[in-house]
Amino acid sequence: MKDKDLGTAGTGFHDWYWQRISAVFLLLTIPVLMGLLLLTYNGNISFHSLNTWFTHPISKTLSNLFLFALLTHMWTGLKVIIEDYVHTTAARAVVLNILLILLVGFAMYMSYFIWAEISYTFNCIPCGGK
Amino acid sequence: MFASIAHRASGIFLVFIIPAALWLLLAMAHGSIAYMYGLAWLQSATGTVVLWLTCVALFYHFSNGIRFLLLDIGKTDSREAMKLSAKIVVFTTILFALILAVKI
């Protein structure tokens, strides 16, 4: 691709590309999340099977990958919307910085939630609980 | 036109609700007490309505996202094809919403 008409910041193609990459990953993984939630809602998944599935290292890795794809998609999508409706550069910078800090903070919190099993405070089978 | 605006609207809704859904599912997977509370909330009237709304918004964003991806690889590259696919997406979503409202 030739370097012309890339927009003021020159990162438009990059954003577009990552939005599509994360979209394809979410396309494959989000039915699993919603399926599990609906099956749990219907009473088809007991606590024991849910706990066994989510404490496996592979599902922890997939949860974390899902989290990163979700946050990438949220960032690129919200950036497009904010840049469409917020017109001054200063306001954009402020809004996008606040958004970025919130998203990165959420990513850290959820990564801890996935790996460290915050449920030490609850009862967790591999932690010796019920 | 409507399809694109609705894609944004459902996207903004999902930004708030999908991380919450992930958090809820992980909390329910990690603690039996959290599982109990989570299931009780999900099966309450509020939880059911929120779950239904989430599924409908996600279904719409999902199908319309596939439509945009097809546009990007040049499969539906005409005005008529885009109008037709937008209609298909909207009607499929309405059908899905009705079926889910009955089944849920």
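Helices (H or I, at least four residues) and strands (E, at least two) are DSSP runs, numbered from the N terminus. The structure is a predicted model, in which local features need pLDDT of at least 70 and side-chain atom pairs count only at pLDDT 80 or more, while totals for chains, interfaces and linings use all residues. Residues are numbered from 1 along each chain as its sequence is written, and chains are lettered from A and ligands numbered from 1 in the order in which they are written.

Chain A has four helices and zero strands, and along the sequence its pattern reads α-α-α-α. Of its 130 residues, 20% are buried; a residue is buried if 20 or more other C-beta atoms lie within 10 Å of its own, exposed if 12 or fewer, and partly exposed in between, with C-beta atoms placed from the backbone. Two residues are in contact if their C-beta atoms, placed in that way, lie within 7 Å. Among contacts in chain A between residues at least 6 apart in sequence, 60% join residues at least 24 apart.

A91(A) lies in helix α4 of chain A. A91(A) counts as exposed because it has 11 C-beta neighbours inside 10 Å. From A91(A) to M110(A) there are 19 residues in sequence and 28 Å in space, C-alpha to C-alpha.

The two chains meet through 32 residues of chain A and 26 residues of chain B. On the side of chain A that touches chain B, α1, α2, α3 and α4 of chain A each give two or more residues. The largest share, ten residues, comes from α1(A). By type, this side of chain A divides into 22 nonpolar, seven polar and three charged residues. Here Ala, Val, Leu, Ile, Met, Phe, Trp, Tyr, Cys and Pro count as nonpolar, Asp, Glu, Lys and Arg as charged, and the others, Gly among them, as polar.

A nonpolar core is a set of buried Ala, Val, Leu, Ile, Met, Phe, Trp, Tyr and Cys residues joined through C-beta atoms within 7 Å. The largest one has 27 residues, of which L50(A), L70(A) and L58(B) touch the most other members. Two or more residues come from each of α1 (12–41), α2 (47–54), α3 (57–85) and α4 (89–115) of chain A, and from each of α1 (2–30), α2 (32–43) and α3 (45–72) of chain B. With six residues, α1(B) gives the most to this core. Leaving aside neighbours within four places in sequence, L50(A) is in contact with T40(A), I45(A), M28(B), A29(B) and Y35(B).

In chain B, α3(B) has 28 residues and reaches 40 Å from its first C-alpha to its last, close to the 40 Å expected at 1.5 Å a residue; the expected span is 1.5 Å times one less than the number of residues. Its buried residues include L51(B), L58(B), F62(B) and R67(B). The buried residues of α3(B) pack against α1 of chain A together with α1, α2 and α4 (79–103) of chain B. Just after α3(B), G74(B) takes a positive phi of about 75°.

The axes of α2(B) and α3(B) come within 4 Å and cross at roughly 75°, which makes α2(B) roughly perpendicular to α3(B). Axes are lines fitted to C-alpha atoms, for helices over the stretch in contact, and angles run from 0 to 180 degrees between N-to-C directions; under 35 degrees counts as roughly parallel, over 145 as roughly antiparallel, 65 to 115 as roughly perpendicular and the rest as oblique. W41(B), L42(B) and Q43(B) in α2(B) meet G47(B), T48(B) and L51(B) in α3(B).
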